[in-house]
Amino acid sequence: VGFFTGTSPTQHIIDNTLYINNELSLKYKDRFFDLKRYLDSHEIWKDTEISPQPQDTLKQASNKLADSLAEDSIHVNTKTNLAISKQIFKQINTSFP
């Protein structure tokens, strides 16, 4: 499972997160769950049943955690956590039949 940024990360944190997730993806290939990519996707809104606000999609586009998905500046909220758990479970079942 990869990493994600917070709602107000520095550029250094964004760059490091992207770098580390890329390295993990190269190493673990289809067994890697790109959490940041999922949190930046349109799918997260469908899965959480949260309607994104304009600032949410702007944050996603700039590699930041959308406020509507967050509990605070570095944690996801309950709906987002549940959606993440379901996606990870789905990937585990696909990767380890």
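F3, Y19 and I20 together make a nonpolar surface patch of about 320 Å². A patch is built from residues with over 30% relative accessible area and no salt bridge; nonpolar side chains (Val, Leu, Ile, Met, Phe, Trp, Tyr) are joined within 5 Å, and like charges within 9 Å. Accessible areas come from the Shrake-Rupley method with a 1.4 Å probe, and for residues only the protein chains shown count as cover. This is a predicted model, in which local features need pLDDT of at least 70 and side-chain atom pairs count only at pLDDT 80 or more, while totals for chains, interfaces and linings use all residues. Residues are numbered from 1 along each chain as its sequence is written, and side-chain values use heavy atoms, with hydrogens and water left out.

Helices here are DSSP runs of H or I with at least four residues, strands are runs of E with at least two, and both are numbered from the N terminus. F3 counts as partly exposed because its relative accessibility is 46%; buried means under 20% relative accessible area, exposed over 50%, and partly exposed in between (1.4 Å probe, protein chains only).

F3 is also one of the contacts of N21, a residue of helix 1. Contact means heavy atoms within 4.5 Å. Leaving out residues up to four places away in sequence, N21 touches G2, F3, F32, D34 and K36. N21 has a relative accessibility of 4%, so it counts as buried.

Which residues touch the most other members of the largest nonpolar core? They are Y38, L39, I44, W45, L65, L69 and I84, out of 14 residues in that core. Helix 2 (35-39), helix 3 (43-48) and helix 5 (78-95) are the elements that give two or more residues to this core. Helix 2 gives the most, with three residues. A nonpolar core is a set of buried Ala, Val, Leu, Ile, Met, Phe, Trp, Tyr and Cys residues joined through side-chain atoms within 4.5 Å.

L69 sits in the loop between helix 4 (54-61) and helix 5. With 0% relative accessibility, L69 counts as buried. Apart from residues up to four places away in sequence, L69 touches L39, I44, W45, T48, I50, V76, N77 and T80. From L69 to F3 the separation is 66 residues in sequence and 15 Å in space, C-alpha to C-alpha. I44, for its part, is in contact with Y38, L39, Q60, L69, T80 and A83, leaving aside its neighbours within four places in sequence.

Y38 also takes part in an aromatic pair, and a search of the whole structure finds one such pair. A pair of aromatic rings is described by the distance of the centres and the angle of the planes. For F33 and Y38 the centres are 6.0 Å apart and the planes make an angle of 55°, which is a tilted arrangement. Rings of Phe, Tyr and Trp (its six-membered ring) pair if their centres lie within 6.5 Å; planes under 30 degrees apart count as stacked, over 60 as edge-to-face and the rest as tilted. F33 is buried because its relative accessible area is 8%, and Y38 is buried at 5%.

Next come the charged side chains. Side chains of opposite charge can pair when their charged atoms come close. The rule for a salt bridge is a side-chain nitrogen of Lys or Arg within 4 Å of a carboxyl oxygen of Asp or Glu, and the count comes to four. One of them joins D34 and R37 at 3.8 Å, N to O. D34 is buried at 17% relative accessible area, whereas R37 is exposed at 62%. Another joins D40 and K36 at 2.3 Å, N to O. Here D40 is partly exposed at 24% and K36 is buried at 4%. D67 and K59 also meet in a salt bridge, at 3.0 Å, N to O. D67 is partly exposed at 35%, while K59 is buried at 17%.

Last is the backbone. Most residues other than glycine have a negative phi, and most peptide bonds are trans. K29, in the loop between helix 1 and helix 2, has a positive phi near 50°. E49, in the loop between helix 3 and helix 4, has a positive phi near 60°. K29 counts as exposed because its relative accessibility is 57%, and E49 is exposed at 70%.
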